[in-house]
Amino acid sequence: MRTEDGLHPWSRYVALGDSFTEGVGDPEPASAGGLRGWADRVAEELAAGRSDFGYANLAVRGLLLQQIMDQQVGKALALQPDLVTLSAGGNDMVFHGTDPDKLAAKLEAGVSQLAQAGPTIVLFTGPDWGSTLVLGRNRAKVAIFNENVRALAARHGALIADLWALTQLRDPRMWDPDRLHLSPLGHHTVAMAVLEALNVPHTLQPLEPKELPASSWRQARASDLSWARAYFVPWMVRQLRPHGADEELQAKRPYAGPVFPAGNPSAPALAHLKS
């Protein structure tokens, strides 16, 4: 989607979800919360050349779908976004074996609430884990959930980032060694899929994760060990026991602000993409 000047029409983007949207698996010390992820990468592209662009990321790792609906939808609406991405349900199916039809009904309640406010909404189908030894057992449930997501997206005028059809995600390089979260390359690939679902010009190239102004994803991978201690191990522990009231995790970007602390850079590389 583009305006007459060749740019996109959005000025405030809010991302909702769990670890997938928070960016776990894509460590970057220069990013908020020490994680970058596909949503940050999308925001970086959307912010290029837009001094008025704001971005908030309310995602928190480990949350189930209903928790995301209860804890994030209201906060997102309060930020008055004109663009929302919402991914939820993975933890329900992987760790709790939740019925995909019931799960989709809960998702639709949240999508309906968001849609009434009028933002562009992007939803996600789950990836095809058929070739994965452990997660492959959930393949049928994911497929059923995906069909529900496509149907509810059509009912509410939402866009779809179709991860099931994103065959690049079958490449092991797209996944963190834990096989649950995307690698930096995987987050980059999903960011491309989201931007293409939005039909906006961008500078991302297949298999070439774009660097932050001050550091690259390759340098960020050097901090994998510290990331595992700080994020992955606590995340695994939280899957085995409920969150306590005194240990509630916080969103990494709870307010809609500039993507880059010093403001949004211009994007000369986008000039040739305008039409």
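Biologist: Which element gives the most to the lining of the largest cavity?
Modeller: A cavity here is a set of points, on a 1 Å grid over the protein atoms alone, where a 1.4 Å probe fits but cannot get out, and a lining residue has an atom within 4 Å of a point. Helices (H or I, at least four residues) and strands (E, at least two) are DSSP runs, numbered from the N terminus. Two or more lining residues come from each of α1 (19-22), α4, β4 and α6. With 5 residues, the element that gives the most is α4.

Biologist: What kind of model is this?
Modeller: Residues are numbered from 1 along each chain as its sequence is written, and side-chain values use heavy atoms, with hydrogens and water left out. Local features need pLDDT of at least 70 and side-chain atom pairs count only at pLDDT 80 or more, while totals for chains, interfaces and linings use all residues, since the model is predicted.

Biologist: How much space lies in the largest cavity?
Modeller: A search of the whole structure finds 2 cavities of 30 Å³ or more. Grid points are joined across faces, edges and corners, and a volume is the space filled by probe spheres set on the points. The largest cavity is lined by 31 residues, of which Phe20, Ser87, Gly90, Pro127 and Trp129 are the closest to its centre. Its space comes to about 470 Å³.

Biologist: How far apart in space are Trp164 and Trp129, C-alpha to C-alpha?
Modeller: Trp164 is placed in the loop between β5 and α7. Leaving aside neighbours within four places in sequence, its contacts (heavy atoms within 4.5 Å) include Pro127, Asp128, Arg139, Val142 and Asn146. Trp164 and Trp129 are 35 residues apart in sequence, and their C-alpha separation in space is 8.7 Å.

Biologist: Is Trp164 buried, partly exposed or exposed?
Modeller: Buried means under 20% relative accessible area, exposed over 50%, and partly exposed in between, for a 1.4 Å probe and protein chains only. Because its relative accessibility is 21%, Trp164 counts as partly exposed.

Biologist: Where on α6 do its buried residues lie, on the same side or on opposite sides?
Modeller: The buried residues of α6 are Val142, Phe145, Asn146, Val149, Leu152 and Ala153. An α-helix has 3.6 residues a turn, so residues three or four places apart point the same way.

Biologist: Against which elements do the buried residues of α6 pack?
Modeller: The face turned away from the buried side of α6 carries the exposed residues Ala140, Ala154 and Arg155. The buried residues of α6 pack against α4 (90-96), α5 (100-115), β4 (120-125) and β5.

Biologist: How many of the 15 residues of α7 are buried?
Modeller: A nonpolar core is a set of buried Ala, Val, Leu, Ile, Met, Phe, Trp, Tyr and Cys residues joined through side-chain atoms within 4.5 Å. The largest such core has 66 residues, and those with the most contacts inside it are Tyr13, Trp38, Leu86, Leu107, Leu123, Phe124 and Val190. Its largest share, 8 residues, comes from α7. The helix α7 is largely enclosed by the rest of the structure because its buried residues number 13 of the 15.

Biologist: What is the relative accessible area of Asp176?
Modeller: Asp176 is found in the loop between β5 and α7. Asp176 and Gly25 are 151 residues apart in sequence, yet 5.8 Å apart in space, C-alpha to C-alpha. Asp176 is buried because its relative accessible area is 4%.

Biologist: What is the phi of Arg179?
Modeller: Most residues other than glycine have a negative phi. Arg179 is in the loop between β5 (159-162) and α7 (184-198), and it counts as exposed because its relative accessibility is 59%. Although Arg179 is not a glycine, its phi is positive, at about 65°.

Methods
On a 1 Å grid over the protein atoms alone, a cavity is a set of points where a 1.4 Å probe fits but cannot get out, and a pocket is an open set with protein on both sides within 12 Å along at least five of seven lines; lining residues have an atom within 4 Å of a point.
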